[in-house]
Amino acid sequence: MPSLPTVWFLLLGLLLVGYAVLDGFDLGAGIVHLLVARNDAERRSVLNAIGPVWDGNEVWLITGGGALFAAFPLVYATVFSGFYLAVMLLLGALILRAVSIEFRSKETNRLWRLWWDAGFALGSALAALLFGVALGNIVRGLPLDDGGVYRGGLAGLLNPFSIVMGVLTLGLAAQQGSSWLVLKTEGALRTRAQRAGVASTVVVIAAWLGATGIAWFDSNRVFDNFARNPLAWVGPVGAAVALAGMLYAYRRRQEFLAFVLSSVAIVGLAATAGATLYPNLVPAVDATRSLTVDNAHSSDTTLTVMLVIALVGMPIVLAYTAFIYWKFKGKVQLDEAGY
Amino acid sequence: MDVVQLSRIQFALTISFHFVFPAVTIGLAGLIAIVETMRWRTRRDVYDRLSVFLTKLFAVTFVIGVVSGIVMEFQFGTNWSTFSGFVGDIFGAPLAAEGIFAFFLESAFVGIVLFGRNRVGSTVRWLAGVLVCLGTTISAFWILVANSWMQTPAGFKIVTDANGVSKAQMTDFWQATFNPSILQRLFHTLAACWVVGAFFLMGISAWYVLRHRNSDVTAIALRLAVIVAFLGSGLMFVSGDLQTREVQANQPLKFAAMEGVFKTENGVALEIIGLPPSQTGPAAVPPLAIPNGLSAMTNLDPNSQIKGLDQEPDTSLWPPVALTWMSFHLMVGLGVLMMLLMLFGAFLWWRRSLDTNVWWLRFAVLAIPLPIIAVELGWMTAEVGRQPWIVQGLMMTSKGVSPGVSATDVGISLLAILLVYALLFFLWIYALSKEIGRGPEPAPGVVVDLAARVVAAPPKAGRSEEGN
């Protein structure tokens with residue numbers, strides 16, 4: 001039986017994977033928006049393909065943030081304050097895309113719509129990129145001072161490994177969004193989305209190899225768990241198999257399977273990131289300052305209460321979320337209820 | 001300015017901006033649930049059209065509430081990391097619970113309400129409306145749990161970790177959740193949000209009547225809004241009284257600052273209106289006051305003792321007296337004004353001239369922002385009155401900031417937020433006026449001739465053409 005903090009390490013992973021898979025596709029739809037949707041009807045199709053669900057998808061991030069605060073307060077405090085300007089930029093990106101989605105169709109003016117289309121694309125791409133840059137810096141290890149504070153500023157976050165990780169998450173979101181659009185749209189839009197999806201996968205594979213290569217020269221700690229425990233290989237192997245399977249599914253025109261496999265690839269890559277970290281949550285350059293499942297967790301009382309809340313609440317959440325997706329299944333139809 | 005001041009300004013700015021939107025959406029969600037229930041029970045088309053109209057107002061407000069809310073959740077970590085480390089063991093749980101029990105519910109069923117009304121049956125659509133309302137209410141509960149714990153901490157002990165840093169640790173979840181102030185504050189906040197929503201709909205409906213754009217929908221909307229606003233305004237006084245008593249018991253210095261009581265005395269007067277006191281003593285010109293009023297109101301005994309700020313000899317622990325006094329008195333003043341407006345409205349309803357009394361209708365339009373301002377003032381009273389503590393009695397606000405964040409960082413983010421929020425506010429107003437200009441769908445078979453209406457309407461009505 002794993003310890004309570006380890007259970008919460010896994011549950012937080014699940015919440016963030018839920019966010020990556022679900023908001024991943026609506027961020028991705030934004031990233032490829034300008035590329036795959038050429039006219040107004042197509043752009044409205046993209047927006048309506050995510051319309052009923054994008055807001056619910058973002059709740060995974062909010063809940064993940066709350067759960068991180070509750071289960072590992074020191075990690076929440078260290079990372080969010082350490083990445084101060086990056087977090088503010090991320091918030092700006094999330095605001096920009098949300099507002100763009102909501103306000104684009106309020107006017108028929110071409111420039112108005114182009115402006116918000118660009119805002120939707122830029123906000124989505126920036127958010128996806130920043131998630132990867134942040135994750136990259138955490139995987140790489142932060143130069144925490146003796147008070148456990150990161151003082152590197154925004155510039156300190158921009159190193160080759162983290163930028164490649166940013167490209168990786170950008171590509172991954174684009175791939176996920178494209179496969180969602182393949183599933184939800186028809187005609188020329190669907191064809192272009194599939195092409196964008198395959199191109200994104202090429203980016204993902206290149207960035208993944210690049211990140212692995214840099215890490216190899218940079219820090220051996222990242223590979224410790226893979227040498228120690230064969231279970232760690234489930235993530236990368238699963239992701240590789242899923243990516244290959246997804247490309248095959250596209251060739252067979254198995255749209256739903258392709259989306260599922262793209263999601264599995266995200267889960268696999270997230271598990272890979274988790275395996276590079278555990279038992280750390282925030283590894284420090286000086287390993288004695290690292291925040292780990294053992295030294296950063298909340299009290300057993302809080303973790304137990306949170307576990308009960310999650311076990312009672314999340315099955316209900318999953319049930320009605322599935323119901324909502326089922327109600328909106330099938331290709332997008334443009335009608336008067338929507339963007 | 002130092003990082004503490006800048007972070008406080010940023011927090012005040014982001015929370016004041018944010019709370020406008022949940023206040024409106026909680027109120028509107030309640031109205032949508034009522035209208036959806038009537039539509040579902042009666043199957044009358046007019047409720048359908050009113051519900052769709054309310055949904056559109058809800059949608060543009062909801063999205064800004066969501067994005068400005070994410071800022072709030074992250075800001076504890078970005079700007080107040082020492083505070084976050086200190087309270088995380090207790091404070092994080094309600095935030096996570098809010099996500100799991102409220103936000104998911106709200107966001108999932110908002111999808112149905114906004115996009116799916118043609119994809120689901122009548123009953124599921126009704127259920128979705130009710131669940132959105134339930135979600136917003138549960139969300140208010142958990143957020144208030146977190147904030148109330150900062151006002152009246154309970155169910156915890158202070159421990160010191162391996163690095164010698166002390167923090168609050170949960171000992172009893174139920175005590176922490178149902179801390180001494182949560183229920184009074186929940187009641188007062190929810191009632192306030194209903195008043196915000198009702199005044200919002202009341203003002204919009206009144207505007208349609210004034211512009212001769214009244215229809216079967218606006219007639220029902222006006223009456224529904226008047227009922228909710230009337231009951232809500234009444235509940236504000238009941239819940240406000242309960243909450244003030246709670247503050248007196250649990251945060252006596254805040255109470256003393258709110259009422260401007262410096263010296264502990266018997267038979268203290270109730271200050272009604274006047275210049276605010278200073279940090280050191282009452283205003284030079286004494287405010288208009290009811291003799292022995294505060295003693296009478298608080299203890300039901302006109303000669304009873306009221307504890308003043310002097311109960312705390314260390315004046316550095318006093319809240320900013322003038323700001324606390326002023327925000328509290330302005331809030332109560334606005335509450336009285338709104339109650340008078342609603343009494344007048346009730347009188348007109350009884351006289352069957354609710355939609356013909358032009359003065360009342362004009363006031364109703366102008367009154368749309370009043371409850372929102374009152375809500376902001378109420379929060380200002382609660383938060384300023386708690387100073388200099390960030391967690392009452394446990395941690396000073398000045399000790400809660402992030403050590404690694406510089407004044408320049410916060411300066412940059414503050415400026416950026418100021419610009420973005422100004423833009424968001426204009427977008428909100430713009431989108432609202434657009435939806436209001438378009439108005440509810442007319443009844444089937446009714447041909448709306450907006451052009452003709454402009455001719456018939458009072459001067460400056462040309463804007464209604466935009467709704468075409």
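Of the 468 residues in chain B, 53% come out as buried (20 or more other C-beta atoms within 10 Å of a residue's own, with C-beta atoms placed from the backbone; 12 or fewer is exposed and anything in between partly exposed). The model is a predicted one, with local features needing pLDDT of at least 70 and side-chain atom pairs counting only at pLDDT 80 or more, while totals for chains, interfaces and linings use all residues. Residues are numbered from 1 along each chain as its sequence is written, and chains are lettered from A and ligands numbered from 1 in the order in which they are written.

Chain B holds 14 helices and eight strands (DSSP runs numbered from the N terminus: H or I over at least four residues for helices, E over at least two for strands). Its radius of gyration is 24 Å, close to the 23 Å that the globule rule gives for 468 residues, so chain B is as compact as a globular protein of that length. That radius is taken over C-alpha atoms, and the rule is 2.2 Å times the number of residues to the power 0.38. Along the principal axes, the C-alpha trace of chain B spans about 75 × 55 × 40 Å.

Helix α2(B), residues 45-79, has 35 residues and should span 51 Å; its end C-alpha atoms sit 50 Å apart, which agrees. There is still a bend of about 30° at Glu73(B) (the angle between axes fitted to the seven residues ending there and the seven starting there). Since 31 of its 35 residues are buried, α2(B) is largely enclosed by the rest of the structure. After α10(B) comes Arg352(B), with a positive phi near 60°.

On the strand side, β1(B) (residues 156-160) and β2(B) (residues 166-170) run antiparallel and are joined by five bridges; pairing requires at least two DSSP bridges. Thr160(B) has Ser166(B) as its bridge partner in β2(B). The two strands make a hairpin with five residues between them, and Gly164(B) in the turn has a positive phi of about 80°.

As for the contact between the chains, chain A puts in 57 residues and chain B 56 (C-beta atoms, placed from the backbone, within 7 Å). On the chain A side, α12(A) gives the most, with 13 residues.

Definitions and conventions:
Contact = placed C-beta atoms within 7 Å. Expected span 1.5 Å × (residues − 1).
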